[in-house]
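This briefing is meant to be read alongside the sequence and the model. It begins with the chain as a whole and then turns to selected helices and residues.

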Amino acid sequence: MRPRDNDFIRFQIWGDSFEAYLAAREASLPRKIEEIAASFDMESEAGTKELKRTIRLVARKLGTHHITGPAEFLDVFHSKLGLAAEVLGEANYLWDRVGESMDWQGKKPAGVAGVMPDKAAQNRGHPRTQSEVCSVAGVSEVTLRGLRRIRDGLLGQLGEAPSN
């Protein structure tokens, strides 16, 4: 039985989007699966869900499965927020200071990563709005405020001024 043309086209799109996702992952340039799905016009919930399932399955079979951490998102968010170079350095410094804390357990890596350039930009005089940071990190404003409280609490424990 031959697959229908629509099935073949859908398979080709999944293959291309999967390759794009894996290539970004291998280059340590993480992209959200939703971003990849949108770039291949697969924005339906069913299409995105199927793409996620396929990526997980194939990545495990190929041995390329790894958990993406917040540090991997810092460069991407820095670029998307249009921040100065010194802000990225400070964001990495902040993550190095508070990244090992168990307080981050169970939090979305992208959301956790979003609060580091947010703070670094404030410290360096390049503040971004809460809305801008949320848009880039893919979290709600309520979630961002909660992550900011965790970050500021950890910085306070380390003797660093949590706010300017």
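The points below are grouped by topic.

The structure is a predicted model, in which local features need pLDDT of at least 70, side-chain atom pairs count only at pLDDT 80 or more, and totals for chains, interfaces and linings use all residues. Residues are numbered from 1 along each chain as its sequence is written, and side-chain values use heavy atoms, with hydrogens and water left out.

**Overall architecture**

- The secondary structure of the chain consists of eight helices and zero strands; helices (H or I, at least four residues) and strands (E, at least two) are DSSP runs, numbered from the N terminus.
- Of the 164 residues in the chain, 37% are buried, where buried means under 20% relative accessible area, exposed over 50% and partly exposed in between, with a 1.4 Å probe and protein chains only.
- Contacts are counted where heavy atoms lie within 4.5 Å.
- Among contacts between residues at least 6 apart in sequence, 69% join residues at least 24 apart.

**Helix α5**

- Helix α5 comprises residues 85-98.
- The 14 residues of α5 should span 20 Å at 1.5 Å a residue, and the 21 Å between its end C-alpha atoms agrees with this; the expected span is 1.5 Å times one less than the number of residues.
- V87, L88, E90, A91, L94, W95 and V98 are the buried residues of α5.
- Viewed down the axis of α5, these buried residues fall within an arc of 165 degrees, so they line one face of the helix; the arc is that of the directions from the helix axis to the C-beta atoms.
- The packing partners of the buried residues of α5 are α4 (74-80), α6 (109-123) and α8.
- On the face turned away from the buried side of α5 are the exposed residues A85 and D96.

**Residue E90**

- E90 of α5 counts as buried because its relative accessibility is 14%.
- Apart from neighbours within four places in sequence, E90 is in contact with A120, N123 and R124.

**Helix α7**

- Q130, V133, C134, V136 and A137 are the buried residues of α7.
- Seen down the axis of α7, its buried residues also fall within an arc of 165 degrees, so they line one face of this helix.
- The buried residues of α7 pack against α4, α6 and α8.
- G138 follows α7 and has a positive phi, near 75 degrees.

**Packing of α7 with α8**

- The axes of α7 (residues 130-137) and α8 (residues 141-157) come within 9 Å and cross at roughly 100 degrees; axes are lines fitted to C-alpha atoms, for helices over the stretch in contact, and angles run from 0 to 180 degrees between N-to-C directions.
- The two helices α7 and α8 are therefore roughly perpendicular, a term for angles of 65 to 115 degrees.
- Q130, S131, V133 and C134 of α7 make the contact with E141, L144, R145 and R148 of α8.
- By class, this contact has three nonpolar, two polar and three charged residues; Ala, Val, Leu, Ile, Met, Phe, Trp, Tyr, Cys and Pro count as nonpolar, Asp, Glu, Lys and Arg as charged, and the others, Gly among them, as polar.

**Residue R148**

- R148, located in helix α8, is buried because its relative accessible area is 17%.
- Not counting residues up to four places away in sequence, R148 touches V115, D118 and Q130.
- The C-alpha atoms of R148 and V112 are separated by 8.7 Å, the two residues being 36 residues apart along the chain.

How values were computed
Angles under 35 degrees count as roughly parallel, over 145 as roughly antiparallel, 65 to 115 as roughly perpendicular and the rest as oblique.
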